[in-house]
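The following note sets out numbered points on the model shown below. Please read each point with the coordinates open.

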Amino acid sequence: MVITGASSGIGLAAATAFARNGDDVVLLGRHPGRLQAAVESVRDAGRRTPAAYRADFARLEEVREVGRRVAAEHEQIHVLVNNAGQLAPARRLTADGFDPGMQVNHLSGFLLANLLVDRLRAAATDNEPARMVTTGSLAEAWGTLDVSRPGRRQISSWLAYGAGKQANLLFTIEAARRWGSYGIVPTCFFPGLIRSRFGRRSPLFTLARFAPALFQSSEQGAETLLWLANDPAALVPGGYFAWRRPMVATGRATNPDRARRLWDASLAAVGLERPAVDQAGQGVEGDRSGRGEG
Ligand SMILES: NC(=O)c1ccc[n+]([C@@H]2O[C@H](COP(=O)([O-])OP(=O)(O)OC[C@H]3O[C@@H](n4cnc5c(N)ncnc54)[C@H](OP(=O)(O)O)[C@@H]3O)[C@@H](O)[C@H]2O)c1
């Protein structure tokens, strides 16, 4: 299991639960102190020290480097959890020239998944597909995402967050179409409103946390993630869930044409060539015979 955003909140709760179940866990985080503390919690839960990698998703070069290292050090990845996310300050563009919320919540996870797709493919078998689980949000409902320019500047943190979460769903849908023939099942979920470090600089979100009935723990937020990573009933390519049940999303977040356009524009934004083999069912290697390569 490779888990991004594993140094806090939902990702840490999931990593700890996976380790307790005996799974091999690989942690990605940004803050060195929190990442080290997460390593210790996961080690205590699983009696094995997990591999851990630090990368700031606001810097594509760090994502490329960590993607290369994880791919080099792990031949197979059974589950990739794209969970890192943030209500990013909207003041400045990133060093890569993108809206910070769009980069952290979508472009970097998209890049990492593309760098690791061969490792997921290598893990998939006829009996047990590989899985990619992405942490989405109800916030997709207010996202105004220009799918042809995913890194375009957004006018506020919350709008950028909504657009990033809309991108998470579109990414899941298009990944299911492109990578299904590799034996990879991508899904997305809304964890509920969770008490974590998320939104701690937002007065609105901080205020809302004073209504305890609205919020659940990180462990509760991770429940659907764990189910999507493990349960045979959760093998629904491109599915969107909350509380282990199918969840309805807006048309803007589920439109297949928007999903295709976003994929192509995201590939260009993160500097990846359009792969020749990613057209599900159409490509040169459209079946799973290449499993185990690389
Ligand atoms: N909390 C909620 O109510 C809620 C609701 C819907 C969806 N979500 C989603 O759930 C996911 C997890 O959030 P959470 O609630 O567990 O919040 P959290 O406690 O703040 O955890 C966020 C995780 O993402 C990582 N992260 C944030 N910015 C990053 C960056 N620039 N580069 C690399 N990693 C970064 C953090 O790393 P560091 O700690 O190392 O900085 C941390 O591990 C996010 O995708 C969030 O959008 C949360």
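The model is predicted, so local features are reported only at pLDDT of at least 70 and side-chain atom pairs only at pLDDT 80 or more, while totals for chains, interfaces and linings use all residues. Residues are numbered from 1 along each chain as its sequence is written, and side-chain values use heavy atoms, with hydrogens and water left out.

1. Ligand shell. The ligand is surrounded by 33 residues, where a residue is near a molecule if one of its heavy atoms lies within 4 Å of it. The closest are Ser7, Ser8, His31, Tyr161 and Ser196. By class the shell holds 14 nonpolar, 14 polar and 5 charged residues. In this scheme Ala, Val, Leu, Ile, Met, Phe, Trp, Tyr, Cys and Pro are nonpolar, Asp, Glu, Lys and Arg are charged, and the others, Gly among them, are polar. Helix H1 (9–20) and helix H5 (157–179) each contribute at least two residues to the shell. Helices (H or I, at least four residues) and strands (E, at least two) are DSSP runs, numbered from the N terminus.

2. Oxygen atoms of the ligand. Which residue places a polar side-chain atom 2.7 Å from an oxygen atom of the ligand? That residue is Ser7. Backbone atoms also take part: a polar backbone atom of Gly5 is 3.1 Å from a ligand oxygen, and a backbone N or O atom of Arg197 lies 3.1 Å from an oxygen atom of the ligand. Taken alone the ligand exposes 890 Å², and the protein buries 97% of that; the areas come from the Shrake-Rupley method with a 1.4 Å probe.

3. Second largest pocket. This pocket has a volume of about 310 Å³. It is lined by 14 residues, of which Ala58, Arg92, Leu93, Thr94 and Pro100 are the closest to its centre. The lining comprises 7 nonpolar, 2 polar and 5 charged residues. On a 1 Å grid over the protein atoms alone, a pocket is an open set of points where a 1.4 Å probe fits, with protein on both sides within 12 Å along at least five of seven lines, and lining residues have an atom within 4 Å of a point. Grid points are joined across faces, edges and corners, and the volume is the space filled by probe spheres set on the points.

4. Helix H5. Gly164 and His106 are 58 residues apart in sequence, yet their C-alpha atoms are 5.4 Å apart.

5. Ser137 lies in the loop between strand S5 (130–135) and H5, where it is buried at 9% relative accessible area. A polar atom of the Ser137 side chain lies 3.0 Å from the backbone nitrogen of Ala139.

6. Other buried positions. Phe189, in strand S6 (residues 184–190), counts as buried at 0% relative accessibility.

7. Positive phi values. Arg47, in the loop between helix H2 (32–46) and strand S3 (51–54), has phi near 60 degrees, a positive value in a residue other than glycine; Arg47 counts as exposed at 74% relative accessibility. Arg244, in the loop between strand S7 (239–242) and strand S8 (245–246), has phi near 65 degrees, also positive.

8. Helix H6. Pro203 belongs to helix H6 (residues 203–208) and counts as exposed, at 66% relative accessibility.

Terms used: Polar contact = N/O pair within 3.5 Å; in protein donor to acceptor, adjacent residues only side chain to side chain. Buried < 20%, exposed > 50% of the residue type's maximum accessible area, 1.4 Å probe, protein only.
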